[in-house]
Amino acid sequence: MNGMMLVARREIGTQVRTRAFKISLLITAVLVGALAFAPKLLDRPDSYTVGTVNSQQLPLAQAAPDATFEWRAFPDEEAAKEAVLAGDVDAALIDGVRVITDGEIETELGVLMQSTNREVKLGAAGVSIPPLQMQSVGADTRYEAARTGIAVVLVLVLFMLIIGQTMMVAMGVVEEKGSRIVEILLSSIRPWQLLGGKIIGLGVLGLINLGTILVVGLAASFASGFAADFPPGMAGIVAGVLVWFVLGYAFFATLAAALASLVSRQEEVGNVMSPLTMLIMAAYFVAFYATSDPTGTLATIVSFVPPFSSMVMPVRMAATEVPLWEVGASAALMIVAVLATLSFGAKVYERAVLRTGARVKLGEVLRAK
Amino acid sequence: MLEISELRKRFAAAPGATEGKLALDGIGFTVRPGEMFGFVGANGAGKTTTMRIVMGVLKADSGSVSWQGKPLGYGERQRFGYMPEERGLYQKMRAGEQIEYFGQLHGLSAPAAKKATDDLLERLGLTERRNDSVESLSLGNQQRVQLAVALVHDPEVLILDEPFSGLDPIAVETLATALQERCRGGVPVIFSSHQLELVERLCDSVGIVSAGRMVASGTVGDLRAAEGGTLRVVVRGATPGWADGLPGELSVTGDRHTLLVAGGDDQEILRRALKAGHVEHFGVEQPTLTEIFKEAVA
Ligand SMILES: Nc1ncnc2c1ncn2[C@@H]1O[C@H](COP(=O)(O)OP(=O)(O)OP(=O)(O)O)[C@@H](O)[C@H]1O
Ligand SMILES: [Mg+2]
C-alpha cells in the first residue's frame, strides 16, 4: 500500500510542477468562468421604448415584470412619427387609441399593449376581471434551458478529462517500460502497486482539474446571477459528476494501462490505444445525443450500460430528474465493470510490462501462464 | 550466501523460427558475503539474463536462486540493489529527488532517504547537480545517478550489470572504492564487465560464462593455477638448435633466444639453457585474466 501511495505521490508531484499543467488549469478556469457569464450576455431581458402623444402611460411594466420600459412624451404625432422612423422608439401611442410603428409591431409588445389597454379601459368602466391562474400539471420545465446547458458543458468536461488523463496513463506506462525503469521499480514494488499508484495519481490530477472547473463554474454562476436558474438538487448533480468521473476514469485508465503495456515506444501508443479512444468517443457521442433527448429510450437504456453509463448517466442526472434507484443500479453495474477491468488490466499489465522490444500480442499475454 | 544453481532459460521462438534461443544452460555459482564476484563472458553469453532472473525481472524455466539458504522472494529482493544493463531513469525528474524516491520505494523513511541521497551525491561528486533534471546530465553522470539508485537503501546484496561501462577513469576509481567499501561491510557484490583488468584487480572471484554455462570459476589465483603459468627463458648467444627436442616455442631476435613453454620439465630446460649460453631470464609468468578468458571460452 505504501509503495502505491509513493508512486501516486510522484505522479502528482511531477505533473503539478509542469508548466503545461498550470497553464491548462488556468485556461479551463477562464473558459468555465466565461461560460457561466454567457447566458446573461446572450439572453438579455427585453427592453422597449414607447412614445406617447396626448395619452396616459399603460401599466406595461406591471404586466411584464421581466421587461423594462421607457416612456417618452411627444408634443404631436408628427414628432412621434419622426422618432418611430428614426428607431428612437419602438412604438408610439397616439391619443390613447392608435399605435404607430415602423413596419409591423413586435408581437410581444403588441399583445402587451392591447391587453393592458383593454384592462385599463374596463377598469375605468368599473369592470374588474380576476387574472387567470396558471398551473402546470406536467413536468417542471422551468429549469429546462439551464439543465440542458449544464449537461452540455458537463459532457464536454467529462470527455476531455477522461480522454486526457487516460492518455497520460498510457504514456506514463510506456515511458517506464521503454526506458526500463520498470526493471528497477518492479524489483522493489509489485506490479499492481505501480499500476495502482499511477492510476490513482493521475486520477487525483483529473479530480483537481474537475474540482477547479466545478468551483470556478459555480462561483462564476453565482456572480453572474445564472445560479438563480439552477435546478433544485444542484449539489446532487455536482456530487454525481465527481463520482461518475471517478468510475469512468478508473475503467478507461485501467484499460489504457493494460494496452499501453503491450508496446515499448511512445510512437506506438496512439496505435495500440485506438480501440479504447474509439470507445471513449462513442460514449461521448451517445452522451452528447442524450443532452438533447435526456428522457428518450436510447439515453435511458444506455445510461445503464457500462462504460457508457459513466458519461450518459451524469448527463441524464443534470438534464432531467432521474429516480434514485436508477442512479444506484447504474452505478452498481459500473462498479462491477470497473472491478472486472481492474483484474483483467492488472493481469495483462503484469505479464506484458517486462517484455520489451516488439509489440506484445494481447492474445499471447492472456494465454501465457 | 547467494546461491544460483542450475538456471535454464529458453526464450520464446521468434516468429518463423522453430526453436527459441537457449540463453542459459544450467548456469550456477555462489557468492559469499563480503565477496566481490566478477561475471565475465562474451556478448550474448547470458550474463544479463542471469542477473535479470536473480532480480525477478525474468522467470527461469528451471533452477533456483537462494539467499541465506532460503529461496529468494520479493521481500528479500527489496533489500537488493540493482543496476540494470539498460539504464532506466525518469528523464524529467531531478537527480536528487529520483534517488530519494527509489530509496523510499525500497522502504526508507523520507528523512532517511534524503540523508542517504545527500551522502551518495557527495561521494559521487554530484552535489551541485542535485536539482538538475536527469536529461540535462552527461551520460557518465546519469550513470552515477543510476548507481546511486542502486545503493541508496544500503542494500544487502548488489547486482550490477556492467556498472563501469561509460565511466571516466576517475569515476571508475570512485565506483570501485564505493563497491569495495560495501564489500568490506559484508555485502556480496556481483558485477558483470568486459574490462578484464578491472575485474582482475577488484574481484575476489571470477566466473566465466560461455553459451549459458559457467565454464570456469574461482578466485583469480585458482584460475591461474588451473591454467598454469608460462615458463619464459631468455638465452644470449646460444648455439643454434639448442632447444631442439624441448617443448614450447622458440623465437630468435639477434643473438637473443626466447623460449616460451607451458608445462614441461623446467629443470631439464634450465640445464639445457645454461649449457647453450648466457641465461638472462628464467621465470614462470602468470597468465592474465584475458588469457584465461580466451582459453576458457575457446
Ligand atoms: N528478450 C529476449 N528474447 C530473445 N532472446 C533473448 C532475449 N534476451 C536475451 N536473449 C538472448 O539470450 C542470450 C543471452 O543474452 P544476455 O543479454 O544475457 O547476454 P550477455 O551475456 O548479457 O551479453 P552482453 O555482454 O552483450 O551484455 C543472447 O543470445 C540473446 O540474444
Ligand atoms: Mg548483458
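Q: Where in chain B does B:S192 lie, and is B:S192 buried or exposed?

A: In this predicted model, B:S192 sits in strand β8 of chain B, a strand that covers residues 189-192. Burial is read from relative accessible area, and under 20% counts as buried. B:S192 has a relative accessible area of 0%, so the residue is buried.

Q: Which side chain does the side chain of B:S192 contact?

A: To read a polar contact, look for a pair of N or O atoms within 3.5 Å. The side chain of B:S192 pairs in this way with the side chain of B:D161, at 2.6 Å. A polar atom of the B:S192 side chain also lies 2.9 Å from the backbone nitrogen of B:E162.

Q: What is the phi of B:E162, and where in chain B is the residue placed?

A: B:E162 is a residue other than glycine, and its phi is positive, near 50 degrees. Its place is the loop between β7 (157-161) and α6 (169-184) of chain B. B:E162 counts as buried because its relative accessibility is 17%, and buried means under 20%.

Q: How far is B:E162 from ligand 1?

A: Here too we read a distance between polar atoms. A polar side-chain atom of B:E162 lies 3.5 Å from an oxygen atom of ligand 1. The protein covers 67% of the 630 Å² of accessible area that ligand 1 has on its own. One runs from a polar side-chain atom of B:T48 to an oxygen atom of ligand 1, at 2.6 Å. The other runs from a polar backbone atom of B:A45 to an oxygen atom of ligand 1, at 3.3 Å.

Q: How many residues surround ligand 1, and which are the closest?

A: For a ligand shell, count the residues, then ask what kind they are and which elements they come from. Ligand 1 is surrounded by 14 residues, and the closest are B:G44, B:K47, B:T48, B:T49 and B:E85. By type, the shell holds four nonpolar, six polar and four charged residues. Helix α1(B) gives the most to this shell, with three residues.

Q: Which protein atoms are donors of the magnesium ion?

A: The magnesium ion is ligand 2, and its protein donors are B:T48 through OG1 and B:E85 through OE. These donors lie 1.9 to 2.3 Å from the ion. B:T48 belongs to helix α1 (residues 47-54) of chain B, whereas B:E85 is in the loop between β6 (80-83) and α3 (95-105) of chain B, so the pair ties together parts that are 37 residues apart in sequence. Water is not among the atoms, so a site may look incomplete.

Q: Which of these counts as buried and which as partly exposed, B:T48 or B:E85?

A: Compare each value with the cut-offs: buried is under 20%, exposed is over 50%, and partly exposed is in between. B:T48 is buried, with a relative accessible area of 13%. B:E85 counts as partly exposed, at 35% relative accessibility.

Q: Now for chain A. How is chain A divided into domains?

A: A domain may be written as more than one stretch of sequence, as here. Domain 1 of chain A is 8-40 + 143-367, and domain 2 is 47-124. The C-alpha centres of domain 1 and domain 2 of chain A lie 56 Å apart.

Q: What can we read about A:L158 and A:Q165 in helix α6 of chain A?

A: A:L158 is in helix α6 of chain A and counts as buried at 1% relative accessibility. A:Q165 is also placed in helix α6, residues 144-178, and counts as buried at 8%. A polar atom of the A:Q165 side chain lies 2.7 Å from the backbone oxygen of A:L202.

Q: Which backbone angles deserve a look in chain A?

A: Check omega for the peptide bond and phi for the residue. The peptide bond from A:P306 to A:P307 is cis, with omega near -5 degrees. A:P307 is in the loop between α11 (297-302) and α12 (309-319) of chain A. A:R180, which is not a glycine, has a positive phi of about 70 degrees. A:R180 is in the loop between α6 and α7 (181-185) of chain A, and at 8% relative accessibility A:R180 counts as buried.

Note on methods: Residues are numbered from 1 along each chain as its sequence is written. Chains are lettered from A and ligands numbered from 1 in the order in which they are written. This is a predicted model: local features need pLDDT of at least 70, side-chain atom pairs count only at pLDDT 80 or more; totals for chains, interfaces and linings use all residues. Side-chain values use heavy atoms; hydrogens and water are left out. Donors are N, O and S atoms within 2.8 Å of the metal (3.2 Å for Na, K and Ca); water is not among the atoms, so sites may look incomplete. Helices (H or I, at least four residues) and strands (E, at least two) are DSSP runs, numbered from the N terminus. Buried means under 20% relative accessible area, exposed over 50%, partly exposed in between (1.4 Å probe, protein chains only). A residue is near a molecule or strand if one of its heavy atoms lies within 4 Å of it. A polar contact is a pair of N or O atoms within 3.5 Å; within protein, one must be able to donate a hydrogen and the other to accept it, and residues adjacent in sequence count only if both atoms are side-chain atoms. Accessible areas come from the Shrake-Rupley method with a 1.4 Å probe; for residues, only the protein chains shown count as cover. Ala, Val, Leu, Ile, Met, Phe, Trp, Tyr, Cys and Pro count as nonpolar, Asp, Glu, Lys and Arg as charged, and the others, Gly among them, as polar. Domain bounds come from an automatic or database domain assignment.
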